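Below is a set of questions and answers on one protein structure.

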Amino acid sequence: MDFLPQKHAKYFARFLNILPARLASHDSTRVTIAFFAVSGLDVLDSLDLLTPSQRQNIINWIYSYQVIPKGGTKCGGLQGSSTLSIKSQDPAHIAAVEAYYWGHLAMTYTGIAVLLALGDDLSRLDRRAIVEGVAAVQREDGSFSASVEGNEQDMRFVYCAAAICAMLNDWGTVDRPRMAQYIRESIRYDYGVSQHKEMEGHGGTTFCAVAALHLSDQMHILSRKDVEGMKRWLVMRQGMGFQGRPNKTEDTCYSFWIAATLKILNAFHLTDFEENRKFILSTQNRIVGGFSKWPDFNTDPFHTYFGICGLSFVNEPNVLEVMPSLNISMRAYRRLKELQSTWKITQNLNDVRLNID
C-alpha cells in the first residue's frame, strides 16, 4: 500500500484552521492539537504549507498562553487554550480569575515543541519561571502533577517535566534522583512500566519512563536485567502493528510509543519493520488523509501524527527522522541544540561580567 504524505499534510493544515465538532471536548487543550498538526507538518517536511504570517500567528498564539508568575508564586508555564482568558474591568473579578492562572506541564511541553518546529528562538519564554513551575509540581514521591492545582500525578507528567527541563537545558530545583526512584518503583513484574505505582504496565507510560530517564541522564539506574526485561516486554507487544498492553488490540499510536522506547534502548531492530508498516498503512484514510487507531475507524490528529512517526522509524521515504525521547523532528532537535549553545555562551559572558564588576 502506498503512503500518501501530501494528503496527510493537508489534513494537518486543516486542523490549524478549524476544530471539528467531534473534537470540541478538547477545546481546553488546543495547544496539544496544534502540536500534532505542526509537528506532523514538520516530520512530513511540509511546513511550507504555512505562510510566514501563519507561522508567526501560531507562534504569537502560543506565547499568548504563557503564564508569568506574580507575587512570587511558582506557577509559570503555558496554558492549553483561552478558556480562562476572561476579560473584565472589575479588579475583584480579574483577581479571582487570575487565581486560576497556572502553567500545565503537558501544554508547556507541547507548546515549546511547536515553537521549535516553527523556528522560533524561544526568546520570549520566561525560562526560569517555567522551570520553577516544573519544580513546584513535583510530589514527595518524585512524581509530578499536571499543574499546581494538584490534580493528576503520574508517569505522563514525569515525562513532560523531563522534556521541558531538557529542552530548556535547566533542571532548577527539580529532584532528578527522586524522579528516577519513582520510575524505578513503577517497573512492574513483567518489566512494563505503569502509569502510577502498582498499576498495570503500559506501552505509553513505559515510553514516558524510559524517555524521562534518557533526558535526565539517569539510564544507569536500570540494571542489565531491567533493560533486557523491558526489551523483551516491548518486542512482545508486536503482532502486526503494536499493542499497548498484553491481550489488547493493536493500535497505530503504539508504533511510536513502543518503537521510540526500543529506539532509546537500541533494540528497535528486533522488530518486524514490514509488518509494522503494513499495519500503520491499513489505518490510513486514502480519501481525506489522516490515520486512525484501527482500520476503518475515524481519523484524528493524534493517531495521524504518531502513525507518521512510526513510519519514520521504519525509514519510510518522504518522512523526516524523529528524535525518539523528545518526540520532535531531528531538524527541530538540531535547532534546539544550537539555541542551547547560544544560551550557554550568553550565560558564560554574564558570569564574566559579574566577576569583573
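Helices (H or I, at least four residues) and strands (E, at least two) are DSSP runs, numbered from the N terminus. This is a predicted model, in which local features need pLDDT of at least 70 and side-chain atom pairs count only at pLDDT 80 or more, while totals for chains, interfaces and linings use all residues. Residues are numbered from 1 along each chain as its sequence is written, and side-chain values use heavy atoms, with hydrogens and water left out.

Q: Which helix holds Ala13, and is Ala13 buried or exposed?
A: Ala13 is found in helix α1, residues 5-15. Buried means under 20% relative accessible area, exposed over 50%, and partly exposed in between (1.4 Å probe, protein chains only).

Q: How far apart in space are Ala13 and Val38?
A: In sequence, Ala13 and Val38 are 25 residues apart. From C-alpha to C-alpha, their separation in space is 8.0 Å.

Q: What span should helix α9 have, and what is the distance between its end C-alpha atoms?
A: The expected span of a helix is 1.5 Å times one less than its number of residues. Helix α9 has 13 residues, 203-215, and should therefore span 18 Å. Its end C-alpha atoms agree with that, being 18 Å apart.

Q: Why is α9 largely enclosed, and which helices do its buried residues pack against?
A: Of the 13 residues of α9, 12 are buried, so the rest of the structure largely encloses this helix. Among them are Phe207, Cys208 and Val210. Contact means heavy atoms within 4.5 Å, and the buried residues of α9 pack against α7 (155-168), α8 (176-185), α10 (224-235) and α11 (254-264).

Q: How are α8 and α9 oriented, parallel or antiparallel?
A: Axes are lines fitted to C-alpha atoms, for helices over the stretch in contact, and angles run from 0 to 180 degrees between N-to-C directions. The axes of α8 and α9 come within 10 Å and cross at roughly 150°. Because angles over 145 degrees count as roughly antiparallel, α8 is roughly antiparallel to α9.

Q: Which residues make the contact of α8 with α9?
A: The two helices meet through Met179, Ala180 and Ile183 of α8 and Ala209, Ala212 and Leu213 of α9.

Q: Which residues does Gln340 contact, beyond its neighbours in sequence?
A: Gln340 lies in helix α14, residues 330-356, and counts as buried at 8% relative accessibility. Leaving aside neighbours within four places in sequence, Gln340 is in contact with Ala166, Met167, Leu168 and Asn169.

Definitions and conventions: Parallel < 35°, antiparallel > 145°, perpendicular 65-115°, else oblique.
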